[in-house]
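Here is a short briefing on one protein chain. Look at the model first, then work through the points below.

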Amino acid sequence: MTYSQTELEHFMTAALAEGRKALPACFPNPPVGCVLVREREIIARGYTHPPGQFHAEAMALSQIAGSLKDVTAFVTLEPCAFHGRTPSCARALVQRGIGEVFAALIDPHPKNRGRGIHILQDAGIPVRVGLLQEEAERDMGRYLINGKFNTIRRQK
Ligand SMILES: [Zn+2]
């Protein structure tokens with residue numbers, strides 16, 4: 001499904017609104033938001049839960065069953081690449097066969113830094129980074145590995 005820039009920004013704005021629900025319970029994890037969209041409709045929403053519980057993507061994925069190949073994910077931060085307290089969200093998106101992913105920001109965390117994006121791309125999933133990046137930085141910048149905010153890679 002091809003969405004206009006206005007539609008894309010609308011969906012990422014919805015994901016940012018989800019992310020704002022995450023604080024303060026999610027701390028020290030960043031307050032990420034996610035929406036899943038099928039044919040211009042948001043079919044699932046998620047945000048970061050307290051450490052050890054759902055990440056935004058996992059919460060949204062838990063709300064729908066079946067094939068996601070016609071579903072687009074909008075996530076305010078690069079999906080995590082590593083299995084920490086919870087499984088990798090990038091791998092979960094691949095396993096569920098997500099159709100396409102839009103991420104607002106690259107996660108400067110040393111275990112991510114683009115690795116989550118590469119996991120998706122290596123699986124053949126189209127990924128675009130940078131949609132509403134400035135808004136995402138405003139919301140989450142101070143929660144991304146302390147003081148390393150300026151290491152966020154800028155992409156168009
Ligand atoms: Zn995650």
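With 21 C-beta neighbours inside 10 Å, Leu 132 counts as buried, because the cut-off for buried is 20 or more. Leu 132 sits in the loop between E5 and H5. Its phi is positive, about 55°, although Leu 132 is not a glycine. Keep in mind that this is a predicted model.

**Overall build**

- The protein has five helices and five strands.
- The radius of gyration is 14 Å, close to the 15 Å that the globule rule gives for 156 residues, so the protein is as compact as a globular protein of that length.
- Along the sequence, the elements follow the pattern α-β-β-α-β-α-β-α-β-α.
- The C-alpha trace spans about 40 × 30 × 30 Å along its principal axes.
- Buried residues make up 44% of the 156 residues.
- Take the contacts with a separation of 6 or more: 67% of them join residues 24 or more positions apart.

**The sheet**

- In what order do the five strands lie in the sheet? The order is E2-E1-E3-E4-E5, in an open sheet with mixed pairing.
- The edge strands are E2 (41–47) and E5 (127–129), and each pairs on one side only.
- From one strand to the next, the twist averages 15°.
- E1 and E2 run antiparallel and are joined by six bridges.
- E4 (residues 100–103) pairs with E5 in the parallel sense, over three bridges. Here Val 101 has Val 127 of E5 as its bridge partner.

**Helices on the sheet**

- Helix H1 (residues 5–19) packs on the sheet. H1 touches E1 (33–38), E2, E3 (71–75) and E4. The direction of H1 makes about 140° with that of E1.
- Helix H4 (residues 115–122) also packs on the sheet, where H4 touches E4 and E5. The direction of H4 makes about 155° with that of E5.

**The two sides of H5**

- Which residues of helix H5 (residues 133–140) are buried? They are Ala 136, Asp 139 and Met 140.
- Why do these residues share a side of H5? They cover an arc of only 75° around the axis, which puts them on the same side.
- H1 is included in what covers the buried residues of H5.

**The nonpolar core**

- In soluble globular proteins, nonpolar side chains tend to be buried together.
- The largest nonpolar core in this protein has 45 residues. Met 12, Cys 34, Ala 73, Phe 74, Val 75, Val 101 and Ala 103 touch the most other members.
- H1, E1, H2 (56–61), E3, H3 (89–95), E4, H4 and H5 each supply at least two residues of this core. The largest share, five residues, comes from H2.
- What does Ala 73 contact, leaving aside its neighbours within four places in sequence? Ala 73 is in contact with Cys 34, Leu 36, Glu 57, Leu 93, Ile 98 and Val 101.

**Backbone details in the loops**

- One runs from Leu 23 to Pro 24, with omega near -5°. Another joins Phe 27 and Pro 28, with omega about 5°.
- Pro 24 lies in the loop between H1 and E1. Pro 28 also has its place in the loop between H1 and E1.
- Glu 39 is found in the loop between E1 and E2. The hairpin of E1 and E2 has two residues between the strands. Phi of Glu 39 is near 45°, a positive value in a residue other than glycine.
- Is Glu 39 buried or exposed? Glu 39 is exposed, with 9 other C-beta atoms within 10 Å.

- Arg 128 is partly exposed, with 14 other C-beta atoms within 10 Å.
- Gln 63 is 65 residues from Arg 128 along the chain. Their C-alpha atoms are separated by 24 Å.

Terms used: Residues are numbered from 1 along each chain as its sequence is written. This is a predicted model: local features need pLDDT of at least 70, side-chain atom pairs count only at pLDDT 80 or more; totals for chains, interfaces and linings use all residues. Helices (H or I, at least four residues) and strands (E, at least two) are DSSP runs, numbered from the N terminus. The radius of gyration is taken over C-alpha atoms; the globule rule is 2.2 Å times the number of residues to the power 0.38. A residue is buried if 20 or more other C-beta atoms lie within 10 Å of its own, exposed if 12 or fewer, and partly exposed in between; C-beta atoms are placed from the backbone. Two residues are in contact if their C-beta atoms, placed from the backbone, lie within 7 Å. Two strands pair if DSSP finds at least two bridges between them. Axes are lines fitted to C-alpha atoms, for helices over the stretch in contact, and angles run from 0 to 180 degrees between N-to-C directions. The arc is that of the directions from the helix axis to the C-beta atoms. A nonpolar core is a set of buried Ala, Val, Leu, Ile, Met, Phe, Trp, Tyr and Cys residues joined through C-beta atoms within 7 Å.
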